[in-house]
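Hi,

Here is the structure I promised to pass on. Have a look at it first, and my notes follow below.

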Amino acid sequence: MRPHRSNATDTTLGEPDAIGDLDSRVALFGHPVHAMLVAFPIAGVFWVAGSDAAYWWTLDPFFARAGLWGAGAAFVMGCAAALSGFGEMMLVPGARRRAAGWTHGVIAMTLVGVLALSWAHRIDDHVAAVLPWGLALSGLQLVLVGFAGWHGGKLVFEHRFGIASPEDEQEEGAGGGDVAREP
């Protein structure tokens, strides 16, 4: 059995929060919108990196064109995820008191900027854009998505941001069986 983890850690800026201060405010039917959207720019980053690596390996212009579309899609969806994340940061006091929240936000916004640069770099000549700078930007995007994901994971798994509290689960009712509970 895991020991009970406190909602407050040494990375809390100010007073510790109650679990309710970490509930998602930008949600659709109780599901955080940011968590739903963030998968798309992450997939886009891997799409672009894979396309650039495939172009480097084969020199097939199809992969350069795929990288252009991937960079555009990753940027657009990154903007959507950033808007929902910004909403959470502004509306949830507990998120603003967490160093991981600020670190995640700064790294994620840097990633969105690099995605914009990558897309803009590819628009005029997507084939010539891949080597060397497109590939270098892809590598930077992978590093940034790793760091942003690490700090986003700290918010969820250490600070329990956007996680329903046990009181919320009990309010949903005893029937249905769609939430696994320990005896």
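Which residues of α5 are buried? Before I get to that, two words on the ground rules. This is a predicted model, so local features need pLDDT of at least 70 and side-chain atom pairs count only at pLDDT 80 or more, while totals for chains, interfaces and linings use all residues. Residues are numbered from 1 along each chain as its sequence is written, and side-chain values use heavy atoms, with hydrogens and water left out.

Now the answer: in α5 the buried residues are Ala100, Gly101, His104, Ile107, Leu111, Val112, Val114, Leu115, Ser118 and Arg122. Buried here means under 20% relative accessible area, exposed means over 50%, and partly exposed is in between (1.4 Å probe, protein chains only). The cover over them includes α1 (33-37), α2 (39-58), α3 (61-91), α4 (93-96) and α6 (130-158). Helices are DSSP runs (H or I, at least four residues), numbered from the N terminus. As for α5 itself, residues 99-123 make up its 25 residues, and from first C-alpha to last it reaches 36 Å, close to the 36 Å expected at 1.5 Å a residue. That expected span is 1.5 Å times one less than the number of residues.

Arg122 forms a salt bridge with Asp52, with the closest N and O atoms 2.6 Å apart. (The cut-off: a side-chain nitrogen of Lys or Arg within 4 Å of a carboxyl oxygen of Asp or Glu.) The pair links distant parts of the chain, since Arg122 sits in helix α5 and Asp52 in helix α2, 70 residues apart. Arg122 has a relative accessible area of 0%, and Asp52 counts as buried at 0% too. Phe62 and Phe63 pair edge-to-face, at 5.3 Å centre to centre and 75° between the planes. (Rings of Phe, Tyr and Trp, the last by its six-membered ring, pair if their centres lie within 6.5 Å; planes under 30 degrees apart count as stacked, over 60 as edge-to-face and the rest as tilted.) Phe62 is partly exposed at 44%, as is Phe63 at 24%. The ring centres of Phe75 and Trp119 are 5.8 Å apart with planes at 40°, so that pair is tilted. Phe75 lies in α3 and Trp119 in α5, so the pair ties together parts 44 residues apart in sequence.

Last, Leu131 in helix α6. Leaving aside neighbours within four places in sequence, Leu131 is in contact (heavy atoms within 4.5 Å) with Tyr55, Trp56 and Leu59.

Cheers

Terms used: Helices (H or I, at least four residues) and strands (E, at least two) are DSSP runs, numbered from the N terminus.
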